[in-house]
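This briefing walks through selected features of a predicted model, grouped by topic for reading beside the sequence and the coordinates.

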Amino acid sequence: MKILIADDEMVGRRVLAQQLEGWGHEVLIAKDGQEAFELFQEHNARMIITDWMMPNLDGPGLCAKIRASEAGSENLCFVILLTSKDSSEDLACGMASGANDFITKPFHHLELKARLANGERILSLQAELQRQKEEADHLARTDALTQLMNRRAMLDTMRLDEDRMRRERRPLGMIMIDVDHFKAVNDNYGHGVGDMVLKGAADCFAAAIRGGDYVGRWGGEEFLIALPGADIIQCAEVAERCRKQLASMRFTTDQGQMLQVTASFGTASAEGSDRVELLDLVDQADRALYWAKYSGRDRVKIYVASADPNRK
């Protein structure tokens, strides 16, 4: 483990560093609190052993500064405060500054080793909790079958891009996709094959989009592609590329049957000062998708406001 030592007393910090290195730790050394804080920021040290009395910035001041820099973070370092002070008031003051543990000088090396082990255990638990939280967040935003963003994640991300495109005065494009005759795939070949088709379609679309674009599963056999900065022509070009690539794919069932699927695509783009809101843009792409279905499927349709009988 990387451990940062802060102590203005040269002999004391050398002895402590040698002891820690003998236990297999990597050691960073600072001669006062200010230097320690700079090393903490530079090296992201997770374990800190600091003396209480130091020039420029003392131990409690260092603890407080570190905790202020960690505000909002869930990945906190572990701080052990060394001091010759031993009153309850001193202990309370040290802990209030943000220290996790407290060792009174002079201390036995076995006590230090035990305190370090406790700190490592807490850091390990903290890291595991953070990993589990990130995994839960990922699962909450990811479609289990296709591993694409789910509807919730798409909406959150698109709202951010909508704001960004408005500020930058750039268009925002959408492509709504529906796999053609998907119910017949499930009915004729089973849901296992249907899942295989959806996963293959997801991989196809993810590989065909431009850098900066992103695709998610909107629901059932529907997918949505968001294209920040894309006008309607660029949306149509990406949609056509996706259409061709999917149509060229072949899926093989467990029984050796060869299956080909197609999809229909509706595109829309919002730009200008009077652009429509995000959900209205998605609705426009969905209407264009309906036109593609109505026209015979396996094609791309562009949303044109003047051709929309339902236009408000």
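In this predicted model, the contact between helices H8 and H9 brings Ala-201, Cys-204, Phe-205 and Ala-208 of H8 against Arg-241, Cys-242, Gln-245 and Leu-246 of H9. Sorted by class, the residues of this contact are 6 nonpolar, 1 polar and 1 charged.

**Packing of H8 with H9**

- Helix H8 spans residues 191-208 and helix H9 spans residues 232-248, and the two pack at an angle of about 140° with their axes 9 Å apart.

**Packing of H7 with H8**

- H8 also packs with H7, again at an angle of about 140°, and here the axes are 7 Å apart.
- H7 and H8 are therefore oblique to each other.
- On the H7 side the contact is made by Phe-182, Val-185, Asn-186 and Tyr-189, while H8 contributes His-191, Val-193, Gly-194, Val-197 and Leu-198.
- Divided by class, the contact of H7 with H8 holds 6 nonpolar and 3 polar residues, with no charged residues.

**The largest nonpolar core**

- The largest nonpolar core has 30 residues, and the members that touch the most other members are Ile-175, Val-197, Phe-205, Phe-223 and Ile-225.
- At least two residues of this core come from each of strand S6 (172-179), helix H7 (182-189), H8, strand S8 (222-228), H9 and strand S11 (263-270).
- The element that gives the most to this core is H8, which supplies 8 residues.
- Ile-175, leaving aside residues up to four places away in sequence, touches Phe-223, Leu-224, Ile-225, Leu-227, Cys-235, Val-238, Ala-239, Phe-265, Gly-266 and Thr-267.

**Packing of H2 with H3**

- Helix H2 (residues 33-43) packs with helix H3 (residues 59-69) at an angle of about 25°, and their axes are 10 Å apart.
- This angle makes H2 roughly parallel to H3, because angles under 35 degrees fall in that class.
- The crossing in which H2 passes H3 is right-handed.
- The residues that make the contact are Gly-33, Gln-34, Ala-36, Phe-37 and Phe-40 of H2, together with Leu-62, Lys-65, Ile-66 and Ser-69 of H3.
- By class, the contact of H2 with H3 is made up of 5 nonpolar, 3 polar and 1 charged residues.

**Ser-264 and its surroundings**

- Ser-264 has its place in strand S11, and this serine is buried, with a relative accessible area of 0%.
- Not counting residues up to four places away in sequence, Ser-264 touches Met-176, Ile-177, Asp-178, Asp-180, Leu-289, Ala-292, Lys-293, Arg-297, Asp-298 and Arg-299.
- Although Ser-264 and Tyr-294 are 30 residues apart along the chain, their C-alpha atoms are separated by 9.8 Å.

**Backbone geometry in loops**

- The peptide bond that runs from Lys-105 to Pro-106 is cis, with omega near -10°, and Pro-106 is found in the loop between strand S5 (101-104) and helix H5 (109-141).
- Asn-56 has a positive phi of about 70° although it is not a glycine; Asn-56 is placed in the loop between strand S3 (47-51) and H3, where this asparagine is exposed, with a relative accessible area of 69%.
- Asp-298, another residue other than glycine, has a positive phi near 50° and sits in the loop between helix H10 (278-294) and strand S12 (300-302).
- Asp-298 is partly exposed, with a relative accessible area of 28%, and this aspartate is among the residues that Ser-264 touches.

**The segment after S12**

- Pro-309 lies in the segment after S12 and is exposed, with a relative accessible area of 70%.
- The C-alpha atoms of Pro-309 and Ser-84 are separated by 82 Å, and these two residues are 225 residues apart along the chain.

Methods: Residues are numbered from 1 along each chain as its sequence is written. This is a predicted model: local features need pLDDT of at least 70, side-chain atom pairs count only at pLDDT 80 or more; totals for chains, interfaces and linings use all residues. Side-chain values use heavy atoms; hydrogens and water are left out. Axes are lines fitted to C-alpha atoms, for helices over the stretch in contact, and angles run from 0 to 180 degrees between N-to-C directions. Helices (H or I, at least four residues) and strands (E, at least two) are DSSP runs, numbered from the N terminus. Contact means heavy atoms within 4.5 Å. Ala, Val, Leu, Ile, Met, Phe, Trp, Tyr, Cys and Pro count as nonpolar, Asp, Glu, Lys and Arg as charged, and the others, Gly among them, as polar. A nonpolar core is a set of buried Ala, Val, Leu, Ile, Met, Phe, Trp, Tyr and Cys residues joined through side-chain atoms within 4.5 Å. Buried means under 20% relative accessible area, exposed over 50%, partly exposed in between (1.4 Å probe, protein chains only). Angles under 35 degrees count as roughly parallel, over 145 as roughly antiparallel, 65 to 115 as roughly perpendicular and the rest as oblique. A crossing is left-handed if the near helix is turned anticlockwise from the far one by less than a right angle, and right-handed if clockwise.
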